[in-house]
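Work through the exercises below with the sequence and the model at hand. Each task is followed by a solution in steps.

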Amino acid sequence: MRMLCLLCAIAGTANALVHVPMSRHVQVTPAASLLRVADLRMTSVAKKAKAAVKKAKSSSAAQKRFKPTATGKLLRRKAFKAHILTKKHPQRKQSLRRISQVDETQLKTMQKLLLVVPKRP
């Protein structure tokens with residue numbers, strides 16, 4: 001049926017399409033079914049090749065805590081803002097609300113965790 005449609009489309013005779021009803025009892029030969037199963041199985045060589053090219057995954061914990069900028073730097077929230085806030089001065093709490101950048105000493109490590117590639121200057 002597909003071949004007939006393809007031939008008609010190539011010939012440009014769209015009016016020549018004829019619907020051919022398919023029989024309800026289509027027999028599949030055992031050899032054909034074995035070929036399909038054999039195609040789905042992976043050999044040990046294919047498994048090793050697939051394992052060598054695993055998809056790189058970023059750290060989900062780091063994704064929740066850091067946001068990469070367009071230049072490759074990382075933004076973070078400041079610590080000590082979660083609890084025991086009554087004895088902290090309002091100005092201190094105000095400065096803890098601000099977002100800051102990750103320090104240069106830890107930047108490469110966090111970029112590796114997040115799979116972030118910094119831009120070249």
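Helices (H or I, at least four residues) and strands (E, at least two) are DSSP runs, numbered from the N terminus. The model is predicted: local features need pLDDT of at least 70, side-chain atom pairs count only at pLDDT 80 or more, and totals for chains, interfaces and linings use all residues. Residues are numbered from 1 along each chain as its sequence is written, and side-chain values use heavy atoms, with hydrogens and water left out.

**Exercise 1.** State how many helices and strands the chain has, and give their order.

Solution. Step 1: the count gives 6 helices and 3 strands. Step 2: along the sequence, these elements follow the pattern α-α-α-α-β-β-α-β-α.

**Exercise 2.** Determine how the strands pair, where two strands pair if DSSP finds at least two bridges between them.

Solution. Step 1: β1 (residues 66-68) and β2 (residues 74-77) run antiparallel and are joined by 3 bridges. In this pair, Lys67 faces Leu75 of β2. Step 2: the two strands make a hairpin with 5 residues between them, and Gly72 in the turn has a positive phi of about 100°. Step 3: β2 also pairs with β3 in the antiparallel sense, over 3 bridges. Here Leu75 stands opposite Gln101 in β3.

**Exercise 3.** Find the salt bridge in the structure and say which parts of the chain it connects.

Solution. Step 1: apply the criterion, a side-chain nitrogen of Lys or Arg within 4 Å of a carboxyl oxygen of Asp or Glu. Side chains of opposite charge can pair when their charged atoms come close. Step 2: the search of the whole structure returns 1 salt bridge. Its partners are Glu104 and Lys73, at 3.1 Å from N to O. Step 3: Glu104 belongs to helix α6 (residues 104-114) and Lys73 to the loop between β1 and β2, so the pair ties together parts 31 residues apart in sequence.

**Exercise 4.** Classify Lys73, Leu96, Lys57, Phe80 and Leu115 as buried, partly exposed or exposed.

Solution. Step 1: set the classes by relative accessible area: buried is under 20%, exposed over 50%, and partly exposed in between (1.4 Å probe, protein chains only). Step 2: Lys73, at 30%, is partly exposed. Step 3: Leu96 is found in helix α5 and is buried at 14%. Its C-alpha lies 5.6 Å from that of Lys78, although Leu96 and Lys78 are 18 residues apart in sequence. Step 4: Lys57 sits in the loop between α3 (44-52) and α4 (60-65), and at 73% Lys57 is exposed. The C-alpha atoms of Lys57 and Leu113 are 8.5 Å apart, with 56 residues of sequence separation. Step 5: Phe80, in the loop between β2 and α5, is exposed at 60%. Leu115, in the segment after α6, is partly exposed at 45%.

**Exercise 5.** Report the phi values of Phe80 and Leu115.

Solution. Step 1: Phe80 has a positive phi of about 65° and is not a glycine. Step 2: Leu115, also not a glycine, has a positive phi of about 60°.
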